[in-house]
Amino acid sequence: MAQAPARAASVVRLFDAHCHLQDPRVLAVAPSLIRAATAAGVARFAVNGTSEKDWHLVKQMAEEYPWVPERSPDWMDSLRRFFAETPEAAVGEIGLDKGSHGKTIDFGEQVEVFQQQLELAKELNKPVSVHCVRAFGDLLEILKRTGPFPAGVLLHSYLGSAEMVSSLENLGCYFSLSGFLTGMKSTKAKKMLKSMPLDRILLETDAPDALPKLDDISLLAVPVDRSSADNGESKKDSNSQASTTSNESLNHPSNIHIVMKYVASLLEISEIELAEVTYKNATKLFSYHGSKVHNEVEAV
């Protein structure tokens, strides 16, 4: 869990409930992303690992800022050791995927690993961040078998049906919304959002992915790390300067404001109300024993 530095007092306070600032595409510029997002009102980030290969980066990021085939044979022992050494960590990202990437991984194997990880989250009484692509029916059945989850389940970039919301809510789920929501038909998105209790809604960027796709919006681009550029490349002319100073295909965490505005408009509530309630929801979810959020809340 990474906490941003002190923020400007005049902006709304936001909690990015799911992102990947350790992603190699943005790791080198992560400090500048965090500073810019902080200035835009993002007070906290829940940075999610995706495999054993990046757990140490997530841990390092939390300290510096107060998928299945990649697992090793002893991945569960390694995961348990990590939690013993890092009590402030939550579980995730874990999940199920029947999309283009997930189709390359045996689904039965996905389910086996996912269920073990869910059981570990319950055992440790920690919230768990869940990725689900085209497998919501399977997800619900597994959660029913394994749950409920008193510590909470964060369904990141939720795009499931409105009809499933009540059953998922009863199992302890929170519904985290990202820029991917903008790719859904607005009528379907509105129906889905209206089915969610306000006290279970979260906002996220999933940065550097989930770039919002809306007309007439101003998106903040991720700057390019010039130090990593190939020294052998010829210099670009002045007309291509923008391509050398930013990467417009990547999502900046400050773009959480775009998600907030869109969700608030569909829910027909003010942006301030949405910011306040989602910050409160995320703080509650991540205030488990040992977390940095819990410790800071206790100290207040």
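User: In which sense do S2 and strand S3 (residues 42-47) pair, and over how many bridges?
Analyst: S2 and S3 pair in the parallel sense over four bridges, where two strands count as paired if DSSP finds at least two bridges between them. Strands here are DSSP runs of E with at least two residues, helices are runs of H or I with at least four, and both are numbered from the N terminus. This is a predicted model, in which local features need pLDDT of at least 70, side-chain atom pairs count only at pLDDT 80 or more, and totals for chains, interfaces and linings use all residues. Residues are numbered from 1 along each chain as its sequence is written, and side-chain values use heavy atoms, with hydrogens and water left out.

User: Which residue in S3 is the bridge partner of phenylalanine 15?
Analyst: The bridge partner of phenylalanine 15 in S3 is arginine 44.

User: And is S2 buried or exposed?
Analyst: Six of the six residues of S2 (residues 14-19) are buried, so this strand is largely enclosed by the rest of the structure; buried means under 20% relative accessible area, exposed over 50%, and partly exposed in between, with a 1.4 Å probe and protein chains only.

User: New topic: what is the strand order in the open sheet?
Analyst: Five strands form that sheet in the order S4-S5-S6-S7-S8, and the pairing is parallel. Its edge strands are S4 (91-97) and S8 (201-203), each of which pairs on one side only.

User: Which strand residue stands opposite valine 130?
Analyst: Valine 130 stands opposite leucine 155 in S6, and S5 (residues 128-133) pairs with S6 (residues 153-155) in the parallel sense over three bridges.
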